[in-house]
Amino acid sequence: MAKATEGNVVAKHVSLVYDPLGVNVLAVADCSFEIEAGSFLAIVGPSGCGKTTLLNMIAGFDTPTEGEIWVDGACVASPSIRLTPGPDRVVVFQHGALFPWRTVLENVCWGPVMQGTMSRDEAVEKGKEILKIAGLEGCENEYPMNISSGMQRRVEIVRALVNEPKILLLDEPFRALDAMTKSVMHQYLLDLFDATGKTIMFITHDLDEAIFLADRVFVMTTRPGRLKQMIEVDLPRPRNLKTKVTDRFIQLRNEALDAVHEEAQKAFERGEREMAK
Ligand SMILES: Nc1ncnc2c1ncn2[C@@H]1O[C@H](COP(=O)(O)OP(=O)(O)OP(=O)(O)O)[C@@H](O)[C@H]1O
């Protein structure tokens, strides 16, 4: 699959202060980075460092207090722009949100049909095609409660992809899954990434997951979240289980671990100091 030409994200000196007149929490500070069209960026960092805040600004859910976010040459977020969430930037959260009263296929087709961007027949065709890549062929008529949690997560990702977004934003989508299921999810996600060529931004606490999936790993500092380190993951694709035992994988994972651990230690010490006040 050729790399996408759409979905290039550029963040320029982005900061966000929650409640500037009240508690005044500087969540993200002066973050600048680029996600090239068709590439996979993982974001890691200590708890509360601003990962979701960054994702929410790209999704159009939150307005930066300073700086700008550009998608394909158009400014989509800045202090002076009205929020514009839309189907070009679709988010999958860690907690599932499938309609329990609709079948898998109905869940997957609902968005584009409701928005009028596809006829029902087109959405069904597209939905079935992506469900197949995600290993869900034959589950179209099941209800969410009758399939496993790993399958439910895949249905959600398929549902997001059916909208043909420019960017897929994933906020710890596999956090609640056991290690074995997670590992299977990774392979399906990589298959979907290879097949669709979409730009993906993926938040996680799991460094193995970040290195295994991504082209680049953005390590954030403890809050306020800034860029601490950008790790270029030069592992060849397609990747599989054997990738995880290569020397290069272990080297990259250790690099990420050192960077995150240093920040987690700072966050911990700051927490202890605040408790001692
Ligand atoms: N609405 C809000 N008002 C005030 N502070 C907030 C608000 N939302 C988040 N915060 C604070 O902003 C900081 C960044 O939060 P955010 O959820 O982006 O971090 P995170 O890195 O995604 O955290 P985690 O890894 O725990 O999910 C945290 O200190 C959080 O408590």
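Reader: Where is Pro 224 in this one?
Author: Pro 224 sits in the loop between β9 (216–220) and β10 (227–232). Keep in mind that this is a predicted model.

Reader: OK, and what is the peptide bond from Arg 223 to Pro 224, cis or trans?
Author: That bond is cis, with omega near 0°.

Reader: What about the peptide bond from Arg 237 to Pro 238, cis or trans?
Author: Cis again for Arg 237 to Pro 238, and omega is near 0°.

Reader: And where does Pro 238 lie?
Author: In the loop between β10 and α7, the helix that covers 247–276.

Reader: Switching to backbone angles: what is phi for His 13?
Author: His 13 has a positive phi, about 50°, although it is not a glycine.

Reader: Where is His 13 placed?
Author: His 13 is in strand β1, which covers residues 9–18.

Reader: Is that side buried or exposed, I mean for His 13?
Author: His 13 counts as exposed because it has 12 C-beta neighbours inside 10 Å, and the cut-off for exposed is 12 or fewer.

Reader: Which strand holds Asp 30?
Author: Asp 30 is in β2, residues 25–35.

Reader: How many other C-beta atoms are within 10 Å of Asp 30?
Author: There are 14 of them, so Asp 30 is partly exposed.

Technical notes
Residues numbered from 1 in each chain as written. Predicted model: local features only at pLDDT ≥ 70, side-chain atom pairs only at ≥ 80, totals over all residues. Helix = DSSP H or I, 4+ residues; strand = E, 2+ residues; numbered from the N terminus. Buried ≥ 20, exposed ≤ 12 C-beta atoms within 10 Å, placed from the backbone.
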